Structures are given as C-alpha cells and as structure tokens.
Amino acid sequence: MYDCLLPEFVVERREDSCIRCRVCERQCANEVHLYDTELDRFFLSEKDCVGCQRCVALCPTGALYVHPRQADYRPNSSWTRDKMQNLKKQAATGGVVLTGSGNDKPIRVYWDHLLLNASQVTNPSIDPLREPMELQTFLGRKPDTLKIEISAGKAKLASEMFPNVPVQIPLVFSAMSLGAISYQAFKSLAMAAKEAGVLFNTGEGGLPVEMRDEYADCAIVQCASGRFGVDLDYLNSARIIEIKIGQGAKPGIGGHLPGEKVSDYIAQTRMIPLGTDALSPAPQHDIYSIEDLSMLIYALKEATNYTKPVSVKIAAVHNVAAIASGIVRAGADIVAIDGIRGGTGAAPLATRDNVGIPLELALAAVDKRLRDEGIRNRCSVMAAGGIRSSADAIKAIALGADGVYIGTAALVAMGCTLCHKCYTGRCNWGICTQDPYLTKRLNTELTSQKLVNLLRSWSHEIQEMLGGLGVNAIESLRGNHEHLRGVGLEEWELNILGVKGAGE
Amino acid sequence: MNGFNVKFGFRDNFLDNLQPVDFLYHTRVSTNGCCATINALGLKHKELNDLLRETVLQGSTELVINNVFGQRYIGTRLFLPPEANKLHIEVNKFPGNDLGAFLNGHQIIVHGNAQDGVGNTMNSGEIIVHGRAGDVTAMSMRGGKIFIRDNVGYRTAIHMKEYREKVPVLVVGGTAQDFLGEYMAGGIVLLLGLNLRQGEPHRASYIGTGMHGGVIYLRGCLAEHQLGKEVGVFPPDDRDKANIDRYVREYCNHFGGNPDQILNERFQKLVPVSLRPYGQIYAY
C-alpha cells in the first residue's frame, strides 16, 4: 500500500543461533517472518515490522534483534522522518493518519521536575514496615461540615452523608473498553482490581452480564456519548458511574470502533448490530452546557436512587479549572482529569500530539480553583494520563489529586511494549485485538497477578515515600504542595503548579 | 466560607431543602386500590421522584400525577424488582426534561407537551405524548416505543440503536427539526407530517447525517438537500409497508385519526447507504 515508505525497524537474525523453530513466524500477526521450507531459510518483510518485540522476547535462542532503523533521508531537524512519512501516507490514501497509545512527543514532563521532601531531624520519618500507614481513600463528595448531635449521652452524625467508595490504594485502572482491548485484558483488569481492593473502569463498551455478579463491585462504568450497553441494570450494578466528556489522548473528538472489531460478543455487550461501526459522537448530544451536564448527572443519580457517586471525566484543556468548577457545581461527585499524555486505542495523530495540556498543570490549577471557591470537598479529583510510576502517582496526590488513574502503566505490566499500533487490531501481545488467535496469548490468571503485583509494589513504594515525609496517611499529603519543590522550571510554571523552587 | 464563596454561593437547585418523603406521601398521595393520584404542584424533581418510588413501593401500580410543571426524570427511578410489575403512569400537564430517561418497561402517558430528552437512553416500555416534544427526543433509545402526537425538536432519534429483538420505535405525528436520525444505528422512526399542508415539505435538514443503521419512514415531501449524505431514499417494500401499517394504526389508537387515510399517502424509506460511513477516512 505504501510503496515509498522506508521500514521503521531493522530485523536481524543471527543465522548461527536460529534453530528454525518458527516461533517468530507464528507469533507475528504482521507477517514479518516467513519461512521457506524448501530453501530452509527465513524471508523478512521488514516494512511490516512495528517493533513490538514479541518475536525477540519469545525467540528461545535469542537469535533475533529488532531495532529502530535510523532515518536514511538527509538529516533535517524540521522535516523529521515521521513528518515525511505521514505526508507520504496521506498522499497515498487521502486519509487521517491514525495512531495508538499516548503522546510520545517531548512535551515537558513536569513529574520529572518536581521533587519530594523527606523528614530530617525536625520531624521524624516513619518506617512503614513497622508502623501503620493508611493508603485507603474514599472517592465521592464530602459534607461541608460535620454536625454531631448528642442525645442521652450518645453521639449521632446529623449531617447528610453522600455515597463514597473506598479504594485500598488510591490507584484505579483507567477506562479501557471491551472492544478496544481484548476480553482477556479486560477481565485481567477486573480480576486484579477485585483482588487488590481497587476499581477498574469499563470504558464505554459496556460490562458483560456474566461479569456483573463477580466484578461489578469494583467497576466504574462509563456513560459516554455512544451510550453503548447503558441500561439500568448496568448502571445499578456498578460502584461509580462516570460520564465521559473527553479523553486526554483526543480531547474534543469522539471514538470510533471499526466494524471489523465489532464481533458477536462485542455487539452483545454494546447492544449494537454485528459488524456496524460503533461510533461515539464527539459531544454528548444532550450536553451542550454545564446546565445540561447537570441534567445528565442527576439523571444518572435518579437512575441509581442516589446510591452511587457520579464522576465526570474531562480532558485537560485550556480553562480546565473553570470547567472543573462548573462540573462540581453541576453536581458531580468526582472530577477526573486526563492529561495530554493519556493513552488511547486509536486517535488521529494530529489530535493526539497537539491537543490538550499536561496533566500536572491542569491538576494544580483545578485543585487551586476548587479550593479558592470553597468547593473542593464537594468532589474527589482523579488524575489520569501518563502516570508512569509510584513517584508520579504520589506527586499527583501532593498536587491535589484524591486518586490516580493508571492505564498505560497497567498495559505495560500486561505485556504492552508501546509500539503505538493499537488501532490496527493486530496486537501481538493479545491486548488490543479481538483476534482469538492473538487474545489467547493472554492468560487472565497470570496477567491479573502481574497487575496485582504492580499495585502492590507501587503501594509499598508510596508507603516508603510517605514514611520518609513523616506522614502516616495519604490524606495528609493530598494537595500539600509544601512537600514538593520544582527544579528547572520557569517562574510561571512554578506559579501554576503552586510549588516553590528547590532550595526555597 | 470565604469571600469568593459568599459572592457566588453554591446553590444546589435540586437537593436543597427537600421535604421528607413520608410527609409528602401523606399529604400528596391519595390511593384507591392499586391506583394512586399524586399532586406534584410545586415539588422539586427529587421530591416528586422520591414520592413516585415510595408510592410504588407501597403497592400502587397505576399512577396519575397531576399538576406536573417541569419536574424532570419522571419514571427514571422506578427500576424496581420484580421487573414483571410494569407500571402505568399518567402525567397531566407538562413534565420536564428527560421524561422516562433510562425507562425500563413502564408505560407513561402525557396529557400535555413534553420537553427535551424524552426517552433518553430508554430501554423498554412506552411513552405516549398528547402534544409536542422537544430536542433529542429518543436519544440513544434502544428499546420500547415512543409516540408523539405533534412535532419534535432538533436531533430527534440521535444515535438510536438496536440489538437483535430489541428494536426501538419512534412515531411522530408532525414534523421534526434538523438532524433527525443523526448517527442513527438502529430502530424505526416514523415521521407522519400530519400537520403539514398539502405539498409543504418537512422542516428538517441534515436528516440521517452519519446514519449507519435503522430506518426512517417519512410521509410527505422532502427536497434532496434536506438529506444527510449518508442516507439513500427508497420506496418501502412489503416488510416496510407492514411496519408502517402497524405503527400508524397504533398511533391512531392513541391519538385518533383515520389510519387508512394516513396510509393512503406516499411513504418514503430512508436507510443508510453504508453500515460503515466512516470506514474510508483513515490512513493506517
């Protein structure tokens, strides 16, 4: 199809190590390796290689080596190889260039410019191995004040309490829908969330009926513009309902599950005909204003008899603080903010790389605005989009988040190598595909264990860092900018983040 | 709490100063066997819906709600086991937005006009409006039937969808505003145009923009430019005619009128030209 494109990867085979077991040939859905029995030799189709490293990882003798092929064009720092390559793709098809996963452009990662504090002399640090360390977090609206009535010597809570959902660790799996990811990957997330006492997010692809008994208790279900699979049973089975307004990887545009991915099972869960495109419109067509958003928030609360918190997820964009304030005033119990490095199964490259703002700035701005307006207690804030490690997570909490969504990190734990080809539906790791030959590579027991391990290690690391800060509950860190210092940041960046420069 | 807060205040239009439901039940509801009559005058939407739920839990299955003026979400909170017990709800005067949103099996009859979002993401049941309905009527509806006697607003039947035996039906007696059937992925829409003069075209433009499933039957005339580019116009075949016949007769059962006279006019069938209207716009 693209005859003038140079291959992106070089595939090298050490002939002396290769034992002709043909694992590479079977593992590659892109058909890069082809073995000719008569000639007893492999042929390569390098241009089809996406660099997912599946064959390299599974080659029993280590005979394969796949590495990026350097740009062979004349070096040019403006017209880079990917810019030229996209132009050629567009010239060949007239189409919108797609990509998957998160933004890979060198937009400043503020986590790497924020440093945490630790106790020295004036405040003792705490050893989490021997002392209690509370990571449990409650998601949902908190009352403005606590009124306690005492009658006949007994204290009774008089304030109205709102539905809250506890998570054992403030880490929640991001919205990844069944359809975008495979059933195996979806179920692994659910199983891990259940075991670790956290939540997973179904995305907008529905929650299969047979999973509801076991996993609905740790599910955040989404109500997005496509309203796929949304009915009262779906809404009432979940712990939290999330209205998806936007996604960090593609703010302002809708989703599009191509017809070839809408298998019988996907059709059933989404309640749409087999093989049709599952189109999620860009806006929710009953929401054109904050007042309309309020209408949907209360529709969902009515539908669930006011027993579940309603979350609203937006992409981090300009004026995000004012928008978040409107969302809280509209009645949302949780505001989720997805930054520009958030992942996706498919998005136009131009949108993914150029629309939105970094999570760190958005999060700090939203937290400050909500505090200034005296409404921070009315919602929990979830931070999403490019959280790579426990350190990023704890910094997000110090910047004002109640909890953190982890998506890409969870995918990597499952096997993903960030080849950015999620939109092709040929994921060799069995994650972002519906091809049964590929999806059965993912064993739900093993994969969910990996995810649980990931959460466990992050939670230990968070406890260690909290202990170092001299803090024994994650609550005491939330929004505590004093525990952060910036390095290598301009004044305006420090101002928006609300942190002092290192050394101050 | 602080100056900022005092200046703008945080008003909760929906939840502040609610009256307790047992008080409302004793002052607002009169029951007669399984029938209950409810006076909704001046109630907030949560109060009314609390009251509806309480009334149903007390055993009523036929509800008449009087003096409804703009209360939202009527029918939404009545998701109660056992599902077999389907309610019959009559609404007098003017229900607010999202009437029967997520409705699951009940029948709602409105004697008056309805506002925006009638049958939003409705799952099953029936809504019959003796009047007009506003924008996004039957949005994302996936089952059940809606009958509107007069006109409907913008983006009616947007993203309606079907799955196997669950096929939603919307019958509109009058005409519709723009973007009728936008993104429609399934279901049946019948637009009768009964209030149009002879030869007067329907109002809507961009009909069926992005449509990739379902069918719109349209009585009355229409110019080519009113159609979205994803739909094609065809004459109805025998199966379509049976559908049209059935739903026109149901419409006349609800609102009166002579079905044979309505059926005598020419109907057109609007269906998507592709199940995948946007399959070709990407470079992989």
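A: Begin with one pair: A:R485 stands opposite A:K500 in β23(A). This is a predicted model, in which local features need pLDDT of at least 70 and side-chain atom pairs count only at pLDDT 80 or more, while totals for chains, interfaces and linings use all residues. Residues are numbered from 1 along each chain as its sequence is written, and chains are lettered from A and ligands numbered from 1 in the order in which they are written.

Q: In which sense do β22(A) and β23(A) pair?
A: Strands of a sheet pair through backbone hydrogen bonds, either parallel or antiparallel. Here β22 (residues 484–486) of chain A pairs with β23(A) in the parallel sense, over 2 bridges. Strands (E, at least two residues) and helices (H or I, at least four) are DSSP runs, numbered from the N terminus; two strands pair if DSSP finds at least two bridges between them.

Q: Which strands stand at the edges of the sheet?
A: The open sheet has 3 strands in the order β6-β22-β23 (chain A), with mixed pairing. At its edges are β6 (114–116) and β23 (500–501) of chain A, each with a single partner strand, so one side of each is left without a neighbour in the sheet.

Q: How many residues of chain A are in contact with chain B?
A: Contact requires C-beta atoms, placed from the backbone, to lie within 7 Å. By that rule, 40 residues of chain A are in contact with 45 residues of chain B. The largest share of chain A's side, 5 residues, comes from α8(A).

Q: Which strand of chain B is joined to β5(A)?
A: Strand β13 (residues 282–283) of chain B is joined to β5(A) by 2 bridges, and the two run parallel. In β13(B), B:A283 is the bridge partner of A:V97.

How values were computed. Two residues are in contact if their C-beta atoms, placed from the backbone, lie within 7 Å.
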